[in-house]
Amino acid sequence: MTTKIVRQREWALPPAPVRREVLSAAPTDAGAAPPVLFVPGFGHGAWAFAEYWLEYTCERGFPAYAMSLRGHGESGSASKATLRAYVHDVTQVAASLPRQAVLVGHGASALVVAMALARYPARAAVLVSPVFGGPGAAFSALLRNPLATVPAVFGRPLRPRRGQLFSRELPVADRTRHAARLGGASARAQWQLVAHRAPEDPVGAPPVLVVGSPDDRIAGRAALTAVARRYGGAPLLFPGMGHDLMLDMRWKEPIAAILDWLDKPDQ
Amino acid sequence: MDDQYTVRPDTAASAARVWHDGQPVYDRGDTVCVIGAGGSGLTVIKNLREAGFSVDCYERETSVGGAWNWRHDRSPVYASTHLISSKPFTQFPDFPMPDDWPDYPHHSQMLTYFERYADHFGLREHVWFGTEVARVEPLRDGRRWDVTVRGSRGGQERTLRYAAVVVANGHNWSPRYPEIEGLDDFRGQVLHASAYSDAAQLRGRKVLVIGGGNTGCDLAVEAAQQATRCWHSTRRGYWYAPKYVLGRPADQANDLLRWLRLPLALRRWLFTRLLRLTVGDFSRLGLREPDHKPYESHPVVNSQLMYYIGHGVITPVPDVARFTRGGVEFADGTSADPDLVVLATGYQPVFEFASPELLGIDADGRPRLRLQLFSRTHPTLAVVGLVQPGSGMFSIAHWQAVTVARWLRRWGADPERAAAAWGRRQGKPERRFVQGRVADSSRHWFEVDHVVYLRALQRSLDELEAA
Ligand SMILES: Cc1cc2nc3c(=O)[nH]c(=O)nc-3n(C[C@H](O)[C@H](O)[C@H](O)COP(=O)(O)OP(=O)(O)OC[C@H]3O[C@@H](n4cnc5c(N)ncnc54)[C@H](O)[C@@H]3O)c2cc1C
Ligand SMILES: NC(=O)c1ccc[n+]([C@@H]2O[C@H](COP(=O)([O-])OP(=O)(O)OC[C@H]3O[C@@H](n4cnc5c(N)ncnc54)[C@H](OP(=O)(O)O)[C@@H]3O)[C@@H](O)[C@H]2O)c1
C-alpha cells in the first residue's frame, strides 16, 4: 500500500465550488445501515438511479442518495471539468452525509469512485459496469462504435448507442425516454479517461465489489475481471443485461445482490 | 452530567485483575488510551479505529472540539475568530470541508466540522466525556501504561491499564504570562488573551495589547473597532502577511509557488516585493523593521492591522519597559495610560499527568520528541498535535495519527523486532522541520513547515510499510 501525503498542487488550486444535485430516499428506521451514495456515469444524472435503485435501496432499509457530477443532471454547469473535479464532487457529497458512506459508481464514474476511495475512507464501494478507460479501451471503442467515438475525439460528448446501454428486453419507449435524457461529460474529462494514472490505493481498506454484465458491450467480461482483480476479487455477473444495469428490464437483480453483499456482517 | 457516571461504568462491573499501589487496575488489554477529544484527538481515534485498534478516549470537557468549542472554559477562541489557514490546509485530508464554506471559516464552523466528523465516523462512542486523565505511568517494562482518570468535577479515581497512550491535549490553552516590572502594581485591569472572548470587553476602554502574534494582531484590530484608544506593543518587528495575495488565499498562493519549485530566496524576494508594492515601507507606519527574514517566524496573517494603523486608530509601540500605578512606559521612553492591558503573549504546553522525562521535558518546560511525535524513551507513547504549522493543523494531525497507528500496528504484530528497529533510531540527533531557520523564541518551540514536516512523515510511513 502506498500513501501520498504531499499534494501541493491540489492544496494550491482547489476545484471551483459548484451547485450539486443530490436526491435522497430515507427509510423510516435506518438502524445501523450505512448510507449508500450512487454516482452515475458520464452523460447520466441522478435521475438514472432515481428511476428504480434509489427507492429500492431505501425500501431495503438503507438511507439512499444519488448525485449528479458537475455538468450533469441538475448540478451546476462545468464545461471544463476535469476528473479531479468529479472526484472532488464525490468526496464533497460523501463527507456531507451523516455517516460513513458506501460509494456506488457506474460506468466511467466507477473510475471516479475508485479515485475518490483514495481521498475518502468509504464504508465499502461497488463498481458497477466499470469503465476504467485507458488507451487500449479507447481504441477498441473506436473500432466497435466509431459513430459515437469519433466525434468525442473532437470534444463532443461520448454517445453510446442505445443498444449498448440497454438489453433488447427493455421496451423501446423506455429506451427512447432514457436516451433523451443523456448528456455528456466535459471534453477534458473524456480525454482524461483515455490517459490517466491508475487510481491510487483506497484509504481505510474498504471492501470493493465489482458488478456488471458479460454481455455489456462497453464494459464486458474482460474489463470486469480486470477491475475486480485489482481489488482482489471476482466480478458478480448478470448475463443478458446492457451497460445501464440500473435502468434495464431486470434492474432489481443486481441491486438486490449488491445490498445482500452489504448486509453481510463482514462488509 | 452527573459525576457519578462520568467515570467508565463498565470498569465498576468488571473485576480488577491487577493492583497498583494498593488500588485495583482494570486491564484494558490491547486497547489504546487517547487523551483529549479536540480535533487532534478525534483524528487519532478515527485512524486508530481504522487500523483495527479499540480505543478509550478521555475528554475532560463534556463535548468534542477542544479549542474550537468556545463554550469550553479553556477555549482560547474569541467571538470573532476566523481561521488564518485556508480550508485545504486546515481540513482532514479525507474529510473535506464543504465547498460552500468560506476560504477562512469562522470558529463556529470549525466546531460544526468536528461534530460532523465525530458523527460521520461514529467516534463519540469511544470517548468518555467529563473525565480527566490525572496520571500516566509506564509499567516497569516501559511498554504498557497505567492511566488514572477521574471525573472532571472530582469523584473517585480509577486506574486502567493500556497497551499504548496517545496524548492529544492541545498546547494553546495554558496562558504564558510575561514578567514585566511593575505589572502587579498597575491599577488598571490586566487580562490574558485566553480570558478574552467578546468585543464588549473592550468597548469604551483605553486598551494596550501586548504581543504581535496572531492573537495580538486580531485583538489590536478588535480594539481599533471597539475601544476608545488602542496601543499595540511588540518586542520585535514582524512580516505581517495579508490574507489574500495574487488573487487567492495567501497560503494557497505560497504553495503554488512552492509547487512551481521557486527557491526560498526567490519567494522571500517576491514576498517583500509584494509587501512593498501594497503596504509600502513599514517604518513609514511607525512599525519596526523585522529583525528576521520572511518565513523565519510563525506567519502572522492579518489584512486589517495595517489598515487600522494607517487610519491612526492603532498606535504601534515598542516593548514595555515597566508599568507604573497609572500607566506604562515603553522601551523608547514614551508612555501611555491604558485602563485595560491584554496580554497576547501566547500559550505554554502543559502535561500535568506525566512525569517530565517521559516526554523529554527540559527545565523551561519544552518537550523533546522524536519526529515531534513520539516519546524518545517509550515506544508506545506519542503526542499528536504538538506542532505549530505555518499552515493548518488538522491535515498534519491526521497524518501524525496515521503514522502512530501504523507504528502501533507494527509494534503489536512483533514487539521484539519493532523494539530493535526502535533502538536503532535511539540517539539520532534531533532535527527541526522548518525551511531554513526560525527566530529564537519560545513561540517557535513547535514550529514546523508543513511541507518539510509532511515529507518527513511520508518517509516514516514508507519505512513502516516496507517493514
Ligand atoms: C485563537 C486561536 C486561533 C487559532 N487558529 C488556527 C487556525 O486558523 N488554523 C489552525 O490550524 N490552527 C489554529 N489554532 C491552533 C489550535 O490550537 C489548533 O487548531 C487546535 O485547536 C489544536 O487541536 P488539538 O486537538 O491539538 O488541541 P485542543 O483543541 O486544545 O484539544 C485538546 C483537548 O484535550 C482535552 N484535554 C486536555 N488535557 C486533558 C486531560 N488531562 N484529560 C482529558 N482531556 C484533556 C481538552 O479538554 C481539549 O478538548 C489557533 C489557536 C488559537 C489560540
Ligand atoms: N485567527 C487565527 O486563526 C489565530 C488567532 C490567534 C492565534 N492563532 C494561532 O494560535 C497560536 C498562538 O498564537 P498567539 O498569538 O496567541 O501566541 P504566539 O504566536 O506565541 O505570540 C505571542 C506574542 O507575544 C510576544 N511575547 C511573548 N512573551 C512576551 C514577553 N514576555 N514580553 C513581550 N512580548 C512577549 C511574542 O513575541 P516574540 O515573537 O518576540 O516571541 C509574540 O509576539 C499560533 O499558532 C497562532 O497562529 C490563530
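A polar contact here is a pair of N or O atoms within 3.5 Å; within protein, one must be able to donate a hydrogen and the other to accept it, and residues adjacent in sequence count only if both atoms are side-chain atoms. The model is predicted: local features need pLDDT of at least 70, side-chain atom pairs pLDDT 80 or more, while totals for chains, interfaces and linings use all residues. Residues are numbered from 1 along each chain as its sequence is written, chains are lettered from A and ligands numbered from 1 in the order written, and side-chain values use heavy atoms, without hydrogens and water.

**View 1. Polar contacts to ligand 2.** A polar side-chain atom of B:T215 lies 2.6 Å from a ligand 2 oxygen. For B:R235, the distance from such an atom to an oxygen of ligand 2 is 2.8 Å. B:R443 also places a polar side-chain atom 2.8 Å from a ligand oxygen.

**View 2. The shell around ligand 2.** Of its 24 residues, B:T215, B:R236, B:Y238, B:H298 and B:S441 come nearest (a heavy atom within 4 Å counts as near). Helix α5(B) gives the most, three residues (helices are DSSP runs, H or I, of at least four residues; strands, E, of at least two; both are numbered from the N terminus).

**View 3. The open sheet of chain B.** Five parallel strands run in the order β11-β22-β12-β13-β18 (pairing takes at least two DSSP bridges). β11 (189-192) and β18 (315-317) are the edges; each has a single partner, so one side of each lacks a neighbour in the sheet.

**View 4. Strands β12 and β22 of chain B.** β12 (206-210) and β22 (340-343) pair in parallel over four bridges. B:V207 stands opposite B:L340.
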